[in-house]
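Please open the model in a viewer and keep the sequence panel in view. The stops below proceed from one selection to the next.

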Amino acid sequence: MEWSKLKNIIILLLAITNLLLLGLVLQEEREVRLLEREALENAVAFLNQRGIQLEADVPPRRMELLPQQVERQLEREQALAEVLLGRPVQVEALGGQVYRYTGPRGTVQFHNDGAFSGQLGPEALPRSGAEVGEWARDLLKKLDFAGEVLELQEDVAVLRQLWGQAPLLNHRVELHWDDAGVRLSGRRLTGEPSAAGGGGVRSVPTALMDIFTGLNRLGDVCSQITRIQPSYVSMSTLHGFITLRPVWHITTDTGFYQLDTVSGQLSRAIS
């Protein structure tokens, strides 16, 4: 047999083999999805049977948030201070990894756990007729803080940081303003995340069962879960890292809860 014909036969056999392997992989993935959907439906039914109403579209389809860690970067911190305060800025180390920056438009102070506070003059970011929420978001963008507005009053705004699309539940910033300028305080996080150890996240059905177990452990009762929002909470370390722990923020008819999707521990939470 000529080599060219033999080569074509070999190529055809390899192509058929690849198609068969692809079919097996697709079939396996389909079976996994079916098992996952069945497990989710069973968990929802379990809660409903025990008096906790949960619509099938409320739980997330899958766990997409994973544990992360972010290292504090002092150079980046100073650069953000210059954007907010103008140049030049004076840097003062106050001890305990606390740094204060002073510039033409005011002062800002950063702590190792992400907490910060500042006092800005009225020229830091003039309102110029802008809507208050938009003005507050624009001001905090100077600190790499992308946030959602939680509260607006005549002279106060409260925003919560978003990490990607996920809320950072314990990172809130309050802005107070008057003719003298703007006072701001709260917590914010900036930097490039990397994967953190500490184990993988639980499956969605297991997490739903954790809610039931956690409510019993707390001695709490609810009859409906209306919302489950995948979120993060932050925890600081002594080594300059902030770890981000994935959680579910759970809204029920009797209150709010927070489920650690790594450990499965349920705790009471604020709105």
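Which element gives the most to the lining of the second largest pocket? It is β12, with three residues. The model is a predicted one: local features need pLDDT of at least 70, side-chain atom pairs count only at pLDDT 80 or more, and totals for chains, interfaces and linings use all residues. Residues are numbered from 1 along each chain as its sequence is written, and side-chain values use heavy atoms, with hydrogens and water left out.

**The whole chain**

Begin with the chain coloured by pLDDT, the predictor's confidence in each residue, from 0 to 100. The mean for the chain is 88, and 87% of its residues reach 70 or more. Among the elements, helix α1 (residues 3-49) has the lowest mean pLDDT, 74, and strand β13 (residues 256-260) has the highest, 97. Four helices and 14 strands form the secondary structure of the chain; helices (H or I, at least four residues) and strands (E, at least two) are DSSP runs, numbered from the N terminus. Of the 271 residues, 38% are buried, where buried means under 20% relative accessible area, exposed over 50%, and partly exposed in between (1.4 Å probe, protein chains only).

**The second largest pocket**

Next select P60, R62, M63, E64, L65, P230, S231, P246, V247, W248 and T261, which line the second largest pocket. The elements that give two or more residues to this lining are β11 (225-236) and β12 (241-252). A pocket here is an open set of points on a 1 Å grid over the protein atoms alone, with protein on both sides within 12 Å along at least five of seven lines; lining residues have an atom within 4 Å of a point. The volume of this pocket is about 150 Å³, volume being the space filled by probe spheres set on grid points joined across faces, edges and corners. Its lining divides into seven nonpolar, two polar and two charged residues. In this scheme, Ala, Val, Leu, Ile, Met, Phe, Trp, Tyr, Cys and Pro count as nonpolar, Asp, Glu, Lys and Arg as charged, and the others, Gly among them, as polar.

**The cavity**

The structure holds one cavity of 30 Å³ or more, a cavity being a set of points where a 1.4 Å probe fits but cannot get out. To display its surroundings, select V70, E71, R72, Q73, E77, H111, N112, G114, R188, L189, T190 and I242. About 100 Å³ of space lies within, and the lining has three nonpolar, five polar and four charged residues.

**Helix α2**

One of the cavity-lining residues, E77, is also among the buried residues of α2, with L80, A81, E82, L84 and L85. The cover over these buried residues includes β3 (98-103), β4 (106-110), β5 (115-120) and α3 (132-141). After α2 comes G86, with a positive phi near 85°.

Move to α4 (residues 204-218), whose 15 residues reach 21 Å from first C-alpha to last, close to the 21 Å expected at 1.5 Å a residue; the expected span is 1.5 Å times one less than the number of residues. Its buried residues are V204, P205, A207, L208, D210, I211, G214 and L215. G219 follows α4 and has a positive phi, near 75°.

Finally, select V221 in the loop between α4 and β11. V221 counts as exposed because its relative accessibility is 67%. V221 and I52 are 169 residues apart in sequence and 8.9 Å apart in space, C-alpha to C-alpha.

How values were computed:
Contact = heavy atoms within 4.5 Å.
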